[in-house]
Each structure stands twice: as C-alpha cells, then as structure tokens.
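I wanted notes on one protein chain before doing anything else with its coordinates. The entries are in the order I looked things up.

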Amino acid sequence: MRPSSSQRPVWCAAVVFAVWSGWPVAAADPFLRGDVDESGAPSVTDAVRILRFLFAGGAAPRCLDAADSDDDGRLTVSDPIFLLGSLFQGGPAPPAPFPACGPDPTEDELGCEGYAGCLPAFDFYGHLFVGDGVFFVVDRSGSMQDSGELAIAKREMIKAIEGFPAGVELGVVFFDRAVTKFPASGQPAAADDATRSAAIAFIQSVAGGSSSCVQNGLFAALGFVGASKARRSLVIYLGDGGGTCPGVDEQTYLKQTLEAVTRANAGRARISAVGVLQINPVNRRFLADLASLNGGVFIQVTR
C-alpha cells in the first residue's frame, strides 16, 4: 500500500490552510457525506475530527469521502468550515449522498472503505426520513374525523411500516384524552414480518375518540425513545395541532406542552410534525415550533 501524502500547510494572511489528497481509491461502500465518525448524522464532532486529522496528527477517517463535506475532491480546511456552516448558520446541506447514504456521485481520488454509519431511510409524505428508531404519535380526537384525517394518517403510517427493513425499532401511539400504544409494554419492537403485521393490525383497530391530550401522547412516544437502542430516533406526530385536554384552555396547554416536551426530549429524538388537512394558525404554529425546537421538520398535507 502506498503511504498517504503528507499534510501541506500553506501560510496565507496568517491563516494555515491544509490540503490532503490521496491516490485513487475505489469507493467500495455507500456513505453519508459529512458523517466522519460514522454516527449516522453529521455533527460538530465530525468537523473536529477533520481538523484534528489535518492539523493535529489525528487518525485518518476510514471514509475519506465522508470527510469531503463540500465534495471538491480534496480534504481541506474548507470541509469543516462548510460543515459547521451547514449545521449552525443555515448554510447549504452537504452534497449527495445526503441526507441518506449512497455512493459518491462524483469521481475523485478519495475513497470510502468500511463505513458503518448508514441508517435506514424511508419516504413519508414526500420527505426522506433517516433513522433506525421510528415512533409515530397520532391524534385520534373528534376533529381528526371531520374529513377523514384519521384515516389518512393511518394509511400513510401503514405504508411506511410495510417498508421498514428488518431491525428498525418501531412504536405507535394514539391519543385522545387517553393513550393507547403498540407495543402495549412501551418497549420498542424490532421490525420483522410478525411485528409489522401486528403493528398494522393495531393501527387498523384503533377507533376515533374525543378530546386531544397531545402532551400525554408525545410523552408516551418519548418513553419509547428512552427504551430504544436506536442510534437515531425519530418521533413523527400526525394531527391537526389541537390541544383540547379538559381543564386547560388550548393556547396555554399547547404552550405548556411545547416547553415540557422540548425539555424532556433534550435532543434525544428528532420530532417532526405532520399537519393533516385544515389547521388553524395557532395549531399550525404549535406544530411548526414543535418540529423546529426538536430537530425535525414540519409538513402540511392537504390530501
């Protein structure tokens, strides 16, 4: 095996720029761009790993292509800068393969061998979700039955679960004034033929209810997250954003829910919100804020 080329520091305007370029290597494995530590998602840790490799004698990443955050075919100080801009300053997302694993679409001298960070990906309402623990939370209150909203949510959940690869941890929570869940134990179930069938049968069996204690539903989902061994947990809430739990006015209840859930989650799971059909501005804001504060996405569906 030929040795790696040395780091080549160049002084310019009192800033050190390092460039690393290797010999041509076959990109054997799919990877996620920006995910240097193979955790399943880019983070500030990955930027630090690149900087240590370039400037402090740190170990070379197993997947050099993943470290090439801006996909210019070289490892330079621009890669951690690009990654940090994407994470914290609203900069562009890393080029493909991202946000799901795949092969490098561009030819360069960087390779990728032994990458182990790929997580399952699935499409849900036109958005690509990536995670190996998926926990649905569904509002089954009266307002979710006015125009078939509950039936729509069930249909899309079943479609997603049918496609889950083996081993993905899953759980399903329905709420109105009470909570019902699958598995009833609150322990996530690993996807296989039997589990998928049981989850789908549970979803089909749940009828509509009354009231909408969304905080209870979201905390039940966080219970699944706490019991999960997944590297990346996703909570996907489906509903109209209402919070009509008895005894509390809606605006106060939704504000309390947002604060309590975000505090309890503490970044453990990415919580996304899917607004089903017609949603008033107050409830829409609750859903958008829930997703924004918890690393997820807000999706509004009209069918």
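My entries on the predicted model follow.

**Ground rules.** I number residues from 1 along each chain as its sequence is written, and my side-chain values use heavy atoms, with hydrogens and water left out. This is a predicted model, so I take local features at pLDDT of at least 70 and side-chain atom pairs only at pLDDT 80 or more, while totals for chains, interfaces and linings use all residues.

**Confidence.** I checked pLDDT, the predictor's confidence in each residue, from 0 to 100. The protein chain averages 89, and 91% of the residues score at least 70. Two stretches need care. Over residues 1–18 pLDDT stays under 50, and the model has 32 contacts beyond four places in sequence for them. Contact here means heavy atoms within 4.5 Å. Residues 20–27 also stay under 50, with 28 such contacts. Where pLDDT is low, the predicted coordinates should not be read in detail.

**Overall.** I counted eight helices and 13 strands in the protein chain. These are DSSP runs numbered from the N terminus: helices are H or I with at least four residues, strands are E with at least two. The C-alpha trace spans about 65 × 45 × 30 Å along its principal axes. Of the 303 residues, 50% are buried. Buried means under 20% relative accessible area, exposed over 50%, and partly exposed in between (1.4 Å probe, protein chains only). Among contacts between residues at least 6 apart in sequence, 73% join residues at least 24 apart.

**Helix H4.** I looked up residues 149–162 next. H4 has 14 residues and reaches 20 Å from first C-alpha to last, close to the 20 Å expected at 1.5 Å a residue. The expected span is 1.5 Å times one less than the number of residues. How many of its 14 residues are buried? Ten are, so I call H4 mostly covered, going by the cut-off of under 20%. Among them are Glu149, Lys154 and Glu156, along with Leu150 and Ile152. The buried residues pack against strands S5, S7, S8, S11 and S12 and helix H5.

**Hairpin S8–S9.** S8 (residues 169–175) and S9 (residues 179–182) run antiparallel, joined by four bridges. Strands pair if DSSP finds at least two bridges between them. The two form a hairpin with three residues between them. Val173 stands opposite Lys181 in S9.

**Rings.** I paired rings of Phe, Tyr and Trp (its six-membered ring) with centres within 6.5 Å; planes under 30 degrees apart count as stacked, over 60 as edge-to-face, the rest as tilted. The count comes to ten aromatic pairs. Phe124 and Phe129 are edge-to-face, because their planes stand at 70°, with centres 6.3 Å apart. Phe124 is buried at 1%, and Phe129 at 4%. Phe175 and Tyr237 are stacked, at 6.1 Å centre to centre and 20° between planes. Phe175 lies in S8 and Tyr237 in S11, so this pair ties together parts 62 residues apart in sequence. Phe175 is buried at 0%, and Tyr237 likewise has 0%. Ring pairs also link Phe122, Phe124, Tyr125, Phe129, Phe136 and Phe164 into a cluster.

**Ser228.** Where does Ser228 sit? I found Ser228 in the loop between helix H6 (214–227) and strand S11 (233–239). Ser228 is buried, with 15% relative accessible area. Its side chain reaches the backbone nitrogen of Ala230 at 2.9 Å. Leaving out residues up to four places away in sequence, Ser228 touches Phe135, Glu169, Pro188 and Ser233.

Technical notes:
Polar contact = N/O pair within 3.5 Å; in protein donor to acceptor, adjacent residues only side chain to side chain.
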